[in-house]
Amino acid sequence: MSSPYSRIPALEVRERAACMCDHGDTCSSFAPGHALHLIQARLASATPSDWADAIVAEADARSGFVVVRTLAGEEIALWNGTGAAAAATPGTPVALHERYHVLAIGAARFNVLRG
């Protein structure tokens, strides 16, 4: 005798995933604007011709936004949840790798979201 097949319904997910940097902790995501992945850093360093020099125009550590002005005069708004805005003060020279979304401030590298 076989037992009747009882289908267990799937549970509905009621909460959405949130990165730990939203709660003031270490970033747990490699999405744009969050933690810099090792492969992303290596790809950016392996393609030096894609770096563009820029100057920090504005930085707001509370919101995580940094506005940079390229040497061609273009203003680019960037967001990073891991502290790029705290490391960048207006007037600081930086480098932006637009293909791999990396902002270099001195020796520090940050994964940025262009916004």
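This report walks through a predicted model of a protein, from its overall layout down to a few individual residues.

## The big picture

Let's start with the parts list. The protein is built from two helices and seven strands. Reading from the N terminus, these elements come in the order α-β-β-β-α-β-β-β-β.

How much of the protein is buried? Of its 115 residues, 30% count as buried.

What holds strands of a sheet together in general? Strands pair through backbone hydrogen bonds, and they can do it in parallel or antiparallel fashion. Here, β2 and β3 make an antiparallel pair with five bridges. If you want a spot to look at, find valine 67, which sits opposite alanine 77 in β3.

## Salt bridges

How many salt bridges turn up in the whole structure? The search finds four. One of them joins the side chains of aspartate 50 and arginine 99, with 3.0 Å from N to O. Aspartate 50 is in the loop between α1 (38–46) and β1 (51–60), while arginine 99 is in the loop between β4 (93–97) and β5 (102–105), so this pair ties together parts that lie 49 residues apart in sequence. Is aspartate 50 buried or partly exposed? Its relative accessibility is 25%, so it counts as partly exposed.

Another salt bridge links glutamate 74 with arginine 114, at 2.8 Å from N to O. Glutamate 74 belongs to the loop between β2 (65–70) and β3 (75–79), and arginine 114 belongs to strand β7 (residues 113–114), so parts 40 residues apart in sequence are tied together. Glutamate 74 is partly exposed at 38% relative accessibility, and arginine 114 is partly exposed too, at 43%. These two also belong to a network of salt bridges that links Glu74, Glu98 and Arg114. Then there's the pair of arginine 69 and glutamate 75, whose side chains meet at 2.2 Å from N to O. Arginine 69 is partly exposed, with 39% relative accessibility, and glutamate 75 is partly exposed with 45%.

## A closer look at asparagine 111

Asparagine 111 is found in strand β6. Is this residue buried or exposed? With a relative accessible area of 2%, asparagine 111 is buried.

So what does asparagine 111 touch? Leaving aside its neighbours within four places in sequence, its contacts include Phe30, Ala31, Pro32, Gly33, Trp79 and His101. A polar atom of its side chain lies 3.1 Å from the backbone oxygen of alanine 31. Histidine 37 is 74 residues away from asparagine 111 along the chain, yet their C-alpha atoms are separated by 8.0 Å.

Terms used
Residues are numbered from 1 along each chain as its sequence is written. This is a predicted model: local features need pLDDT of at least 70, side-chain atom pairs count only at pLDDT 80 or more; totals for chains, interfaces and linings use all residues. Side-chain values use heavy atoms; hydrogens and water are left out. Helices (H or I, at least four residues) and strands (E, at least two) are DSSP runs, numbered from the N terminus. Buried means under 20% relative accessible area, exposed over 50%, partly exposed in between (1.4 Å probe, protein chains only). Two strands pair if DSSP finds at least two bridges between them. Contact means heavy atoms within 4.5 Å. A polar contact is a pair of N or O atoms within 3.5 Å; within protein, one must be able to donate a hydrogen and the other to accept it, and residues adjacent in sequence count only if both atoms are side-chain atoms.
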